[in-house]
Amino acid sequence: MDFSVVRPGAIIVLLAWMLAPPAALAQPFFRRALVDPPSQEVTAEFLVSESGGLEPRKGTAWKVHFARGMHKGLYITGAWYKRNLSEDWIRILSDARIAELFVPYHQSSDIRYFDLTGFSFPMARVREEDAGPNGNLMPPFPGDPYPTVVREFRDRGVVWKDFAHGVRRGKELVIWGALEAANYMYIISYSFHDDGTISFRVGVTGQNLPGHRKESHMHNAHWRIDIDLIDGKKNSAMVMRHVEDPASMAAEDIEEPFNRGFEGGIDWDAKEFTMVRIETDRKNANGKPIGYDLMPLRMGSARHNEDFTQHDFWVTRSHPERPLEYIFSNLANLVKDEEEVESADIVLWATSSSHHEPRDEDGKPDSAPKFWPGDDGWEGSALVMWSGLDLRPRNFFDRTPFYPYPPATPAANPNRNLELRQETAAEAQPKD
Ligand SMILES: [Cu+2]
């Protein structure tokens with residue numbers, strides 16, 4: 001971010017650059033800059049049997065492809081889910097990533113960092129202590145000298161509890177890595193829950209900006225999620241609004257096409273509990289359309305001078321072949337032609353913001369050795385602050401997942417919960 005920052009490690013790196021033969025440096029440099037390594041795959045199964053009972057379904061599973069890339073950080077290149085281990089994979093995501101990390105400072109209007117696209121920051125090295133007791137390090141990507149991604153299999157607390165069947169604790173498969181943005185660190189995390197939910201999170205930590213240690217700023221994560229739900233060419237963007245007039249005793253929930261059915265941006269309304277809903281043309285066993293809700297997690301809604309910050313959620317048509325398709329700051333141009341976003345291949349864009357008002361817990365000056373005139377000898381690390389969103393299934397299952405229902409009676413259709421599979425088996429196969 002600020003290249004006047006010179007840490008002891010940076011001096012060593014700089015000396016290595018100056019002293020090493022050019023050919024030895026050119027290869028890793030160009031490999032990193034021009035070609036992103038291929039994706040890796042992880043899978044996880046979540047068994048129903050831990051709840052007890054005689055539930056005929058065995059459990060759920062995730063299969064996830066992830067990669068790291070220049071100006072992309074850690075990103076998802078495909079995600080498939082099984083509602084039941086005996087069913088085929090169902091495609092959920094074709095690509096999901098942070099498209100930009102935009103960091104405007106409050107007083108210094110000239111400090112407006114585009115930390116993802118404006119710099120060529122690498123992924124940070126991860127070690128055993130990053131992985132913790134429930135995690136392990138994924139192998140380094142080809143060309144990388146060290147591992148950069150942690151996989152964890154975590155307990156995620158209570159998922160249901162009732163008087164009849166006790167309690168069920170949930171699990172999640174988490175894939176995370178950190179973008180080393182000079183003095184700052186962005187922890188990029190994707191979590192795939194046993195119930196089909198996906199959590200997208202970015203955590204901001206590291207050292208406050210030299211020269212501006214105490215200046216407030218915003219860390220905006222601008223997410224781009226190319227959802228391909230079952231048949232990705234037939235997904236519709238909807239909006240759910242909760243409308244309640246305190247003068248009356250009634251309320252209603254309104255579902256309507258996103259932006260009248262066309263590309264564009266909308267705002268999150270705290271009183272309306274705004275959700276963006278993605279619906280498919282497929283129905284569950286109860287005849288309800290299968291979908292996902294984009295559930296924002298927020299401390300506030302960042303609005304800055306830049307036009308791409310004027311809305312909280314955007315939906316566009318997917319055009320992966322267009323070179324500027326992945327650039328969040330290009331959103332206003334992407335929506336100009338107002339293509340339809342009903343029964344189409346659509347992309348969700350959402351912003352999650354961490355408002356960083358520095359505090360003494362971030363660190364202290366006059367602690368580390370000082371290397372140049374004006375060096376404040378800063379030591380410490382701002383405690384991580386998270387922002388993000390969840391994608392949560394809606395009517396994907398036909399009843400509570402992981403609930404120990406009694407087995408179906410002979411009169412009931414034993415294949416009730418397999419209807420989706422029979423409809424979509426051909427299209428649910430992984431394509432890459
Ligand atoms: Cu900060």
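These legends go with a set of close-up views of the predicted model shown above.

Residues are numbered from 1 along each chain, following its sequence as written. Because the model is predicted, local features need pLDDT of at least 70 and side-chain atom pairs count only at pLDDT 80 or more, while totals for chains, interfaces and linings use all residues.

**View 1. The whole chain and its confidence.**
The chain averages a pLDDT of 87, and 84% of the residues score at least 70; pLDDT is the predictor's confidence in each residue, from 0 to 100. Residues 1-33 have a pLDDT below 50, and this stretch has 27 contacts in the model beyond near neighbours in sequence. Two residues are in contact if their C-beta atoms, placed from the backbone, lie within 7 Å. The pLDDT is also below 50 over residues 411-432, a stretch with 29 contacts beyond near neighbours in sequence. The chain holds 5 helices and 19 strands; helices (H or I, at least four residues) and strands (E, at least two) are DSSP runs, numbered from the N terminus. Among contacts between residues at least 6 apart in sequence, 65% join residues at least 24 apart.

**View 2. The largest nonpolar core.**
Of the 432 residues in the chain, 37% are buried. A residue is buried if 20 or more other C-beta atoms lie within 10 Å of its own, exposed if 12 or fewer, and partly exposed in between, with C-beta atoms placed from the backbone. The largest nonpolar core has 82 residues; such a core is a set of buried Ala, Val, Leu, Ile, Met, Phe, Trp, Tyr and Cys residues joined through C-beta atoms within 7 Å. Strand 4 (residues 90-104) gives the most to this core, with 9 residues. Those with the most contacts inside the core are Ala79, Tyr186, Ile188, Trp223, Ile227, Leu348 and Trp349. If you centre on Trp349, you will find that this residue touches His222, Trp223, Arg224, Phe313, Trp314, Thr316, Phe328 and Leu331, not counting residues up to four places away in sequence.

Follow the strands in the order 6-7-8-9-10-19-16-15-12-13, with antiparallel pairing. Two strands pair if DSSP finds at least two bridges between them. At the edges sit strand 6 (135-137) and strand 13 (251-257), each pairing on one side only. Neighbouring strands of this sheet are turned by 25° against each other on average, direction ignored; the axes are lines fitted to C-alpha atoms, for helices over the stretch in contact, and angles run from 0 to 180 degrees between N-to-C directions.

Strand 7 (residues 150-162) and strand 8 run antiparallel and are joined by 10 bridges. A hairpin links strand 7 to strand 8 through 3 residues, and Trp160 stands opposite Arg168 in strand 8. Strand 8 and strand 9 also run antiparallel, joined by 10 bridges; here Gly177 has Ile188 in strand 9 as its bridge partner. The hairpin of strand 8 and strand 9 has 2 residues between the strands, and in this hairpin Ala182 takes a positive phi near 55°. Ala182 is not a glycine, and it counts as partly exposed because it has 19 C-beta neighbours inside 10 Å.

**View 3. Strand 13 and Glu255.**
Strand 12 (residues 236-244) is joined to strand 13 by 7 bridges, and the two run antiparallel. Glu244 has Ala251 in strand 13 as its bridge partner. Glu255 is also found in strand 13 and is exposed, because 12 other C-beta atoms lie within 10 Å. Leaving aside neighbours within four places in sequence, Glu255 is in contact with Met238, Met240 and Arg277. Glu255 and Arg277 are 22 residues apart in sequence and 8.6 Å apart in space, C-alpha to C-alpha.

Ile266 is found in strand 14 (residues 264-266) and is partly exposed, with 17 other C-beta atoms within 10 Å. Leaving aside neighbours within four places in sequence, Ile266 is in contact with Val239, Phe258, Asn259, His311 and Phe313. The C-alpha atoms of Ile266 and Ala350 are separated by 9.9 Å, with the two residues 84 apart along the chain. Phe273 lies in the loop between strand 14 and strand 15 (275-283). Although not a glycine, Phe273 has a positive phi of about 55°, and it is partly exposed, with 15 other C-beta atoms within 10 Å.
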